[in-house]
Amino acid sequence: MRKLSWNVRRVRLRKRLMIFGALCALFPLASSIALPARPVPATTSKPIDELVRLVRQDCGSCHGLTLKGGLGKPLLPENLAGRDADTLAQIILDGIPGTPMPPWRGILAENDALWIARKLKEGFPDAAP
Ligand code: HEC
């Protein structure tokens, strides 16, 4: 086999390093796509006490004041354990077409819906802390 000149080897090494660098840069991006679970949003668009009141009163009118269910399904942690918070937040924002579950987009921002979804999974507070 012909010995490669040092220059050719250097170019190849640099190419490999570039590919390695690109993969390193892509990895966190890829893992953030694969694991979309986000923590409870630190900020919400509406004050927390307003969100708590809205869920207890407005959501409660269908899901029951204690969220044990009524016209709407129960929204207690044991009922929502199998659903991830992002999916629940989408349901809250978009509603469930063909059912009485209305969309809340416009009333609730995405971070409000995600906060509510997370708190429903944890056990929704009775009143604002
Ligand atoms: C007008 C009545 C009504 C109101 C108000 C309402 N919902 Fe619903 N909701 C429903 C019904 C009915 C379903 C079940 C639809 C189906 O799958 O058949 C539902 C389903 C859901 C689900 C999916 C539950 C699951 O296990 O699939 C979530 C989450 C939810 N509602 C959250 C909320 C939240 C949060 C609010 C307040 C912001 C709210 N809902 C307000 C009627 C309502």
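Colleague: Which helix gives the most residues to the shell around the ligand?

Modeller: Keep in mind that this is a predicted model. In it, 21 residues surround the ligand, and Cys 59, Cys 62, Gly 72, Thr 99 and Met 101 are the closest. Two helices, α2 (48-63) and α4 (85-94), each supply at least two residues of that shell. The one that gives the most, with 6 residues, is α2.

Colleague: Thanks! By class, how many residues of the shell around the ligand are nonpolar?

Modeller: Let's go through the classes one by one. The shell has 2 charged residues and 5 polar ones. The nonpolar residues number 14.

Colleague: Is Leu 67 buried or exposed?

Modeller: Good one to look up in the structure! Leu 67 sits in the loop between α2 and α3 (77-80), and its phi is positive, near 65°. Most residues other than glycine have a negative phi. For the burial, 20 or more other C-beta atoms within 10 Å is the cut-off, and Leu 67 has 22, so Leu 67 is buried.

Colleague: Is α4 oblique or parallel to α5?

Modeller: Two packed helices are described by the angle between their axes and the distance between the axes. The axes of α4 and α5 (residues 110-122) come within 8 Å and cross at roughly 125°. That makes the arrangement of α4 to α5 oblique.

Colleague: And how many residues of the contact of α4 with α5 are charged?

Modeller: The contact includes Leu 88 and Ile 92 of α4, and Glu 110, Arg 118 and Lys 121 are among the residues from α5. By class, 10 residues of this contact are nonpolar and none are polar. The charged ones number 3.

Definitions and conventions:
Residues are numbered from 1 along each chain as its sequence is written. This is a predicted model: local features need pLDDT of at least 70, side-chain atom pairs count only at pLDDT 80 or more; totals for chains, interfaces and linings use all residues. A residue is near a molecule or strand if its C-beta atom, placed from the backbone, lies within 6 Å of it. Helices (H or I, at least four residues) and strands (E, at least two) are DSSP runs, numbered from the N terminus. Ala, Val, Leu, Ile, Met, Phe, Trp, Tyr, Cys and Pro count as nonpolar, Asp, Glu, Lys and Arg as charged, and the others, Gly among them, as polar. A residue is buried if 20 or more other C-beta atoms lie within 10 Å of its own, exposed if 12 or fewer, and partly exposed in between; C-beta atoms are placed from the backbone. Axes are lines fitted to C-alpha atoms, for helices over the stretch in contact, and angles run from 0 to 180 degrees between N-to-C directions. Angles under 35 degrees count as roughly parallel, over 145 as roughly antiparallel, 65 to 115 as roughly perpendicular and the rest as oblique. Two residues are in contact if their C-beta atoms, placed from the backbone, lie within 7 Å.
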